[in-house]
Amino acid sequence: MEYVIIAIVVVVVAAAGFLGAGVARTRRAKMARLPPSSTTGETATLPNPTETVAPSIDSPTQALPIPAPDVEAPDLEAPALEMPEPTANRLIRLRARLARSQSTLGKGLLAVLGRDRLDERAWEDIEDTLLQADVGVASAGEIVQRLRERTRVLGTRTPGDLRALLSEELVAAIGADTDRTLHTFPHADAPAVVLVVGVNGTGKTTTCGKLARVLIADGHSVVLGAADTFRAAAADQLQTWGAKVGARTVRGAAGADPASVAFEAVRMGTEDHVDVVLVDTAGRLHTKTGLMDELGKIKRVVQRQGPVDETLLVLDATTGQNGLTQARVFAEVVDCTGIVLTKLDGTAKGGIVFAVQRELGVPVKLVGLGEGADDLAPFEPKAFVDALLG
Ligand SMILES: Nc1nc2c(ncn2[C@@H]2O[C@H](COP(=O)(O)OP(=O)(O)OP(=O)(O)O)[C@@H](O)[C@H]2O)c(=O)[nH]1
Ligand SMILES: [Mg+2]
């Protein structure tokens with residue numbers, strides 16, 4: 001009998017020891033999946049407005065709260081940070097991306113100027129070529145008039161001289177002296193704030209991601225604000241861009257108030273002494289509140305902490321005059337300070353650069369020339385015209 005009791009005690013002790021080891025292993029596995037407390041490129045998530053729990057938006061150096069045992073911490077492995085390409089002369093390096101516009105607009109113009117006689121018909125053909133490339137009636141008329149006048153006065157005839165004149169006139173029509181500086185320099189006690197707005201699908205989120213890379217390549221630190229809470233995937237998309245270059249993303253729960261996300265992004269940027277906060281916004285909404293009201297609110301709420309330094313309007317170059325009409329509505333409501341013209345690589349209508357500035361009275365500051373991470377270039381009129389004329 002004694003043997004039986006001793007055997008039972010031994011079995012019970014062994015089983016308890018085995019279970020204890022199993023629990024400890026599970027805990028260690030869960031802790032290993034927690035994001036490291038000092039990782040850059042991490043995410044801060046705001047709670048759903050209906051939640052009563054205080055938001056977990058601590059600075060990266062603060063200890064993270066221990067998760068409830070039944071909550072799986074997301075697998076956030078620290079990615080190897082990419083080093084974006086320097087931005088100097090990007091447009092020159094990406095000039096081949098303008099091939100479609102070059103072969104219609106550039107080659108078309110040079111072919112007419114190369115004719116034996118520059119008669120009435122020739123000037124009409126030049127104007128038509130400009131119009132077909134979406135340069136717009138007013139700009140096309142002006143370019144032709146000035147070119148015509150100067151060739152007459154100067155008696156220019158050689159192809160080389162005509163090309164130089166054409167180039168000068170195109171650069172002048174775009175505005176060689178226009179200030180295209182991106183206002184991204186931080187203030188004494190607050191980051192520079194850039195709002196990115198535009199119709200859905202134009203490339204806002206992509207532009208935020210690419211711009212973060214441009215800024216980081218130029219030595220700035222960046223926080224991204226995912227104020228497009230309309231699509232759940234939008235914040236993920238932005239966060240993916242940010243994580244690659246070590247920019248933190250502030251995001252809210254699906255359907256959260258976009259203005260509160262933008263506010264929090266700026267607050268966090270200020271607290272962390274970051275140089276620039278980039279705020280991505282929605283291009284459409286499913287609530288009754290109009291998109292324009294929403295954008296106005298985002299701007300007002302952000303301005304409680306300091307100025308909005310840039311409001312960039314993203315415009316898809318392939319949508320031509322249609323896109324321009326939609327952009328006009330945005331420009332009227334939010335005071336845009338610059339245009340980002342995307343997808344110039346996918347259109348033969350690069351002339352939209354001329355029309356958009358004239359129509360909206362806002363300079364093109366950046367151009368998108370592809371889907372690649374470093375395919376966003378500061379806009380330089382001379383390099384652009386050189387690329388068009390080949
Ligand atoms: N070829 C090309 N594609 C681009 C460029 N910029 C953006 N895109 C593509 O355009 C598509 C839409 O881009 P998004 O950044 O998601 O557009 P969005 O404005 O944020 O869209 P919504 O959030 O739905 O309003 C993506 O497939 C991008 O890769 C560009 O310069 N060239
Ligand atoms: Mg988007």
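These are my notebook entries on one predicted model.

**Entry 1: the whole chain**

I began with the overall make-up. The secondary structure comes to 13 helices and 9 strands. The chain has 390 residues, and 40% of them count as buried.

**Entry 2: the core**

Which residues of the largest nonpolar core touch the most other members? I found Ala212, Val222, Ala262, Leu278, Val279, Leu313 and Leu341, out of 91 residues in that core. Helix 9, residues 258-271, gives the most to this core, with 7 residues. I noted a general point here: in soluble globular proteins, nonpolar side chains tend to be buried together.

I then picked out Ala262. Leaving aside residues up to four places away in sequence, Ala262 touches Gly225, Ala227, Val279, Ile298, Val301 and Val302. Val279 is also on the list of core residues that touch the most other members.

**Entry 3: helix 8**

Helix 8 covers residues 232-245. I looked up its buried residues. They are Ala234, Ala235, Leu238, Gln239, Trp241, Gly242, Ala243 and Val245. Just after helix 8 comes Gly246, with a positive phi of about 80°.

**Entry 4: around ligand 1**

How many residues surround ligand 1? I got 20, and the closest are Asn200, Gly203, Thr206, Gly283 and Gly368. By class, the shell holds 2 nonpolar, 12 polar and 6 charged residues. Helix 7, residues 204-217, supplies the largest share of the shell, 3 residues.

**Entry 5: Gly372**

I went to the loop between strand 8 (364-368) and strand 9 (376-378), where Gly372 lies. Is Gly372 buried, partly exposed or exposed? I counted 13 other C-beta atoms within 10 Å. Exposed would need 12 or fewer, and buried 20 or more. Gly372 is therefore partly exposed.

I also checked Gly372 against Thr206. They are 166 residues apart in sequence, yet 9.5 Å apart in space, C-alpha to C-alpha.

**Entry 6: helix 3 and helix 13**

Last, I looked at a helix pair. Helix 3 (residues 99-113) and helix 13 (residues 381-389) pack with their axes 7 Å apart, at an angle of about 80°. Angles of 65 to 115 degrees count as roughly perpendicular, so that is how helix 3 and helix 13 lie to each other. On helix 3, the contact uses Ser101, Gln102, Leu105, Gly106 and Leu110. Helix 13 brings Ala387, Leu388 and Leu389. I sorted the contact by class: 5 nonpolar, 3 polar and no charged residues.

Definitions and conventions
Residues are numbered from 1 along each chain as its sequence is written. Chains are lettered from A and ligands numbered from 1 in the order in which they are written. This is a predicted model: local features need pLDDT of at least 70, side-chain atom pairs count only at pLDDT 80 or more; totals for chains, interfaces and linings use all residues. A residue is near a molecule or strand if its C-beta atom, placed from the backbone, lies within 6 Å of it. Helices (H or I, at least four residues) and strands (E, at least two) are DSSP runs, numbered from the N terminus. Ala, Val, Leu, Ile, Met, Phe, Trp, Tyr, Cys and Pro count as nonpolar, Asp, Glu, Lys and Arg as charged, and the others, Gly among them, as polar. A nonpolar core is a set of buried Ala, Val, Leu, Ile, Met, Phe, Trp, Tyr and Cys residues joined through C-beta atoms within 7 Å. Two residues are in contact if their C-beta atoms, placed from the backbone, lie within 7 Å. Axes are lines fitted to C-alpha atoms, for helices over the stretch in contact, and angles run from 0 to 180 degrees between N-to-C directions. Angles under 35 degrees count as roughly parallel, over 145 as roughly antiparallel, 65 to 115 as roughly perpendicular and the rest as oblique.
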